[in-house]
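I opened my notebook to look up a few things in this structure. My entries follow.

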Amino acid sequence: MSTLDEHIANMLRESERNGELRAAPSFGKPIEMNDGYAETPDELRLPFKILKDAGIVPPEVELMQKLGALRAELAAHSGPADERQALQQRISELQQLIALRLERLRATRTL
């Protein structure tokens, strides 16, 4: 029985032989690693990976998703002005909360 590494190597050799590897749109191009891993502090990488693998996003990301939904709601809003103003107020409060949480994360990182 072959190891996983040997199996992967065999599959790559077979793909190269039949031309499938060269036909890939990303063939010969550098791999884009825009997942934020390099920007994540060392001490948070493992906990964030565990949460990501479990399908759980950080609270700040959830808040940003809510902010995006509120902005979309505001852009599509065609009702009374007082409802529009209430939406703008909720957006402003959420922006402040996100800024405070991110600042707290930065502050604890530098300690």
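**Entry on a salt bridge.** I began with E103 and R106, whose side chains meet in a salt bridge at 3.6 Å, N to O. The model is predicted. Both E103 and R106 lie in helix α5, three residues apart, about one turn of the helix. I then checked how open they are. E103 has a relative accessible area of 46%, so I noted E103 as partly exposed. R106 is at 47% relative accessibility, so R106 is partly exposed too.

**Entry on the other pairs.** I found that the structure holds four salt bridges. One of them joins the side chains of D42 and R45, 3.2 Å from N to O. D42 and R45 sit three residues apart in helix α3, so about one helical turn separates them. I noted D42 as exposed because its relative accessibility is 58%, and exposed means over 50%. R45 is partly exposed, at 21%.

I also looked at R101 and E60, where the side chains meet in a salt bridge at 3.1 Å, N to O. This pair links distant parts of the chain: R101 is in helix α5 and E60 in helix α4, 41 residues apart. E60 has a relative accessible area of 12%, and buried means under 20%, so E60 is buried. R101 is partly exposed at 26%.

The largest pocket has a volume of about 710 Å³. Of the 22 residues lining it, D35, G36, T40, F48 and P58 are the closest to its centre. I saw that α3 gives the largest share of the lining, six residues. By class, I noted twelve nonpolar, two polar and eight charged residues in the lining.

Conventions. Residues numbered from 1 in each chain as written. Predicted model: local features only at pLDDT ≥ 70, side-chain atom pairs only at ≥ 80, totals over all residues. Heavy atoms only, no water. 1 Å grid on protein atoms, 1.4 Å probe; cavity = no way out; pocket = protein on both sides within 12 Å on 5 of 7 lines; lining within 4 Å. Points joined across faces, edges and corners; volume = space filled by probe spheres on them. Helix = DSSP H or I, 4+ residues; strand = E, 2+ residues; numbered from the N terminus. Nonpolar A, V, L, I, M, F, W, Y, C, P; charged D, E, K, R; others polar. Buried < 20%, exposed > 50% of the residue type's maximum accessible area, 1.4 Å probe, protein only.
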